[in-house]
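Welcome! Take a moment to look over the structure below, and then we will walk through a helix pair and a ligand site together.

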Amino acid sequence: MHDAMQRVAQSELEQRVRWLISLRWLAAGGLFVAVGIVEASLRVDIPLVPFYSGNAALLVLNGLYELLYRRLKGREPVPRRLSPVVLLATAQISVDLVLLTFLIHFSGGLDNPFVVFFVFHMVIASILLSNRNAYLQATLASLLFALVFGGEQAGILRHYQLPGFLSYEPGRRSWPAWLVEFLALSAALYITVYLSTTVVDRLRQRERDLEDANRQLLSKDRLKSQYVMTVSHDIRGSLSVIRTCLRVVLGGYTEPVPGKGRDMIERAEHRTERLLTFVKDLLNLSRMRAAEDLERRPVAVWGVLQRVVEQLRPLSNEKNLTVETQNRAGAATVWANEEAIEQVTANLLGNAIRYTPAGGSIFLSMEETPDSGGVLVSVKDTGIGIPPAALPHIFEDFYRAENAKKWESDGTGLGLSIVNHIVEAHGGRLSVESQIPGGSTFRVTLPRAGKGGVPQARRASGSGDGAP
Ligand code: ADP
């Protein structure tokens, strides 16, 4: 199996094992209550010691499974057929079957209506395990029936009668009748496994089809991005040339252009500049979407943040903004593409500078996430804020809030899309809080370097020229 798929299958199995453990806590609790009720209300004479000790064993075992599960959870999948998590699931179901047989033996054997509970285990086995393994569990259950209930029938094991529950007395069942009952029960188990595995197989096939369709969509999306990338690359080249020509004319290196003509050229130069910014952003975004993996290594975040603050210092000085920084995570490193992280910071800080009125302040900080599993970078400003209705849309391509359009006509609405894309590709999270008046706070969480389980991300081959 492909590595990524194996990882998905493994995490799915882990979730199911977790589910099984939770079910068992419920079942063990329910059993204590059920025995109490049966004993008190029906006055059925069942031996309580094996019951309570069997249930206590179930609780202890479940605690053990829980511990094992926590140790095994999140480990890299092993290429062997029987990974530790599969073994844990198999062992749990087998031991459950043995315990259930034990409990049923002490409460009437085949006479006990709870004998049908074996069917639930077959359904669980079919969901959790491979088909072969599920049929093996049905065989184990049948063997347990044969040994324990057959032993009771043969008089080798004691039969615990459930008085008043069923009409017949011990020993009254004939061997053919016992055999029919045994065969019917065993057949019910195998048929349950057959039906459940058929449904589960179909669902898994559908899931695989959906995954395939998703992969195809992604590859088509990538193709489309490659196309946009090629087109915007060509446009950017021509625009750069046009801008240079216009600057040459405006700089007076050709014949002087007086009055209205100069005004027109200045406007053309300004528009070209705007268009160039837009094309650069588009190029950056499509580059990232077209790429599959992101080359990553441990990146010292604080160094990147300081570098970006210095790069944008002329812009913040121009508007007389105070830019304060605070490092509460020391030399924390994240598992990232340095260029992409620089781009994220430059976009967020660039926006804060752009959307904060002169004389305002910006606060850039870095700290550990509460679970210490990542680094949290925040960019807070005292700017124009984002209207509540616009908040859910600001990470969408080309989206610009109305107040931002009025405040600053130049803008592409692509910066935050790029930021969001990069952060997601790093397995991180981008969030925003904003108030009018008050300002906005953008928060980026990135997984720390060296942590396992960082999702595979796309490769950013961008030149970083989308930075504002
Ligand atoms: P652009 O800044 O080019 O418009 P972005 O994708 O960077 O595009 O931002 C999208 C929108 O999010 C902006 O148009 C603006 O409405 C809002 N926005 C982003 N950052 C801020 C900020 N610091 N303060 C207020 N609004 C912001």
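In which kind of crossing, left-handed or right-handed, does α6 pass α7? In this predicted model, the crossing of α6 past α7 is left-handed. Here is a short tour, starting with those helices and moving on to the ligand.

**The helix pair**

- Helix α6 spans residues 175-250 and helix α7 spans residues 259-290; their axes come within 8 Å and cross at roughly 155°.
- Because angles over 145 degrees count as roughly antiparallel, α6 is roughly antiparallel to α7.
- Sorted by class, 16 nonpolar, seven polar and twelve charged residues make up the contact of α6 with α7.

- R400 has a side-chain N or O atom 2.6 Å from an oxygen atom of the ligand.
- N351 places a polar side-chain atom 2.8 Å from a ligand oxygen atom.
- With D381, the ligand atom is a nitrogen, and a polar side-chain atom of D381 lies 2.8 Å from it.
- On its own the ligand would expose 530 Å², and the protein buries 99% of that.

**The shell around the ligand**

Key. Residues numbered from 1 in each chain as written. Predicted model: local features only at pLDDT ≥ 70, side-chain atom pairs only at ≥ 80, totals over all residues. Heavy atoms only, no water. Polar contact = N/O pair within 3.5 Å; in protein donor to acceptor, adjacent residues only side chain to side chain. Areas by Shrake-Rupley, 256 points an atom, 1.4 Å probe, with all protein chains shown as cover. Axes fitted to C-alpha atoms, helices over the stretch in contact; angles between N-to-C directions. Helix = DSSP H or I, 4+ residues; strand = E, 2+ residues; numbered from the N terminus. Parallel < 35°, antiparallel > 145°, perpendicular 65-115°, else oblique. Left-handed = near helix turned anticlockwise from the far one by under 90°. Nonpolar A, V, L, I, M, F, W, Y, C, P; charged D, E, K, R; others polar.
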